[in-house]
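Me: I have some questions about the labels used for this structure. Please set each value against its definition.

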Amino acid sequence: SFLWILYGKNETSVILFIGQPARSKRPKEPGENKIKPVNKKVKPKTPKMKERESADSSSKSQSILTQVMDKGRFQKLAATLSLSAGQSIELRCKGSNVTWNYPSYLDTFKDSRLSIKQLDRYGQLILANSTAADTGEYSCWLQLCNGNKCRKDETKMGSTYIFFTDKEELFVPTPSYFEIVYLNPDKPAVIPCRVTTPSAKVTLHREFPAEEIETDGTDIIYDVKKGFVYQHPTSDHKGIVYCKAESQGAPQISIKYHLLYVEVPKGPPSTTIAASSNRAEVGDSVHVICTVLGEPDVDVNFRWQYPGQESERPVIIQNFWRLINRGTGHTTRISKSVLVVEDFEARDAGNYICIAQNLQGETTVATKVELN
């Protein structure tokens with residue numbers, strides 16, 4: 001036995017070797033030139049901050065999502081997966097309280113091809129007879145619940161984007177032949193011409209004047225999971241566009257997208273209220289109209305308070321909206337709620353209050369109707 005003291009760049013190690021002295025001249029066996037320490041004790045290095053962060057982030061991103069393969073095998077899923085349309089797929093997510101996310105149209109049409117079950121140790125998602133339209137994000141996560149309150153467990157999640165390739169359908173099918181895309185100056189706009197084949201070459205075209213729109217990778221980029229993204233929309237981008245895809249065959253054309261430029265200040269609804277008359281006779285029909293001007297893609301919800309409400313006075317309430325062009329290339333949404341009181345009575349006199357609400361807040365307006 002003997003001791004060697006090795007001086008490294010950053011530390012000194014004392015290593016105990018057991019074996020023949022160095023003067024032995026016997027031939028070396030293959031691989032014997034590799035030092036084989038016994039009971040080596042090395043002080044662990046403290047990882048640098050970046051290494052710690054990457055280790056933390058990798059643990060956070062550990063996927064609990066697997067694909068069930070043939071013969072009971074399981075495969076962890078990468079960020080993307082390509083399958084041929086027509087194939088069925090089974091996904092599993094470890095945990096006793098799993099929530100799933102998948103292309104929303106499968107819910108919209110209550111598609112019987114989709115089956116989701118929660119078993120004791122995992123959640124199961126089965127999609128049978130897939131089609132090109134099923135292309136999209138499939139993800140799952142664990143729910144942490146305390147009583148009736150649940151929240152997403154950010155450390156136990158899984159996600160993959162699945163392409164269901166179909167040479168007859170290069171673009172992911174949509175329920176309509178024409179879509180409106182709003183160009184808002186303070187957020188990116190997406191033209192959602194997604195493809196079913198990730199290797200397809202996709203270009204963006206303007207209908208009039210007929211030309212290909214350059215994708216420079218900075219202001220306009222193509223994301224295979226989203227479509228074309230205008231990073232900084234302007235009024236110059238408005239018009240009608242479409243996408244073209246090529247992949248080992250004749251090019252295919254997407255549906256058309258009408259790009260409308262929007263410039264409406266964000267905030268609670270800009271609301272006004274007016275009655276058809278502020279004085280009414282008994283038996284009259286009175287209309288009270290609540291109007292909101294806002295962003296084209298922002299929904300507005302209306303609530304009413306009126307004099308006969310507590311006595312359950314029957315009234316008619318109608319809500320509707322439409323887009324208006326202000327003539328400067330800007331588009332605004334006008335939303336209205338109309339409350340109708342037929343056969344006006346004494347109990348109907350008083351304040352009519354409209355509460356309009358959007359994601360930024362709510363606005364309350366009121367008007368008074370008196371009995372003559």
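Reply: Start with a pairing at residue level. In strand β19, the bridge partner of L183 is Y261. Keep in mind that the model is predicted.

Me: What makes β12 and β19 a pair?

Reply: Pairing requires at least two bridges between two strands. β12 and β19 (residues 252-261) share six bridges, in the parallel sense. So the two count as paired, by the cut-off of at least two.

Me: Which sheet holds them, and in what strand order?

Reply: An open sheet of five strands, ordered β12-β19-β18-β14-β15. Its pairing is mixed.

Me: Why are β12 and β15 said to stand at the edges?

Reply: β12 (178-183) and β15 (211-213) each have a single partner strand, so one side of each is left without a neighbour in the sheet. Neighbouring strands here are turned by 35 degrees against each other on average, direction ignored.

Me: Why is D343 called exposed?

Reply: The cut-off for exposed is over 50% relative accessible area. D343 has 52%, so D343 is exposed. D343 sits in the loop between β25 (331-341) and β26 (350-358).

Me: What is noted about the phi of D343?

Reply: Phi of D343 is near 55 degrees, a positive value in a residue other than glycine. N129 also has a positive phi, about 50 degrees, and is not a glycine. N129 is in the loop between β9 (122-127) and β10 (136-146).

Me: Which peptide bond is cis, and what is its omega?

Reply: The bond from F208 to P209, with omega near -5 degrees. P209 lies in the loop between β14 (201-206) and β15.

Conventions
Residues numbered from 1 in each chain as written. Predicted model: local features only at pLDDT ≥ 70, side-chain atom pairs only at ≥ 80, totals over all residues. Heavy atoms only, no water. Helix = DSSP H or I, 4+ residues; strand = E, 2+ residues; numbered from the N terminus. Axes fitted to C-alpha atoms, helices over the stretch in contact; angles between N-to-C directions. Buried < 20%, exposed > 50% of the residue type's maximum accessible area, 1.4 Å probe, protein only.
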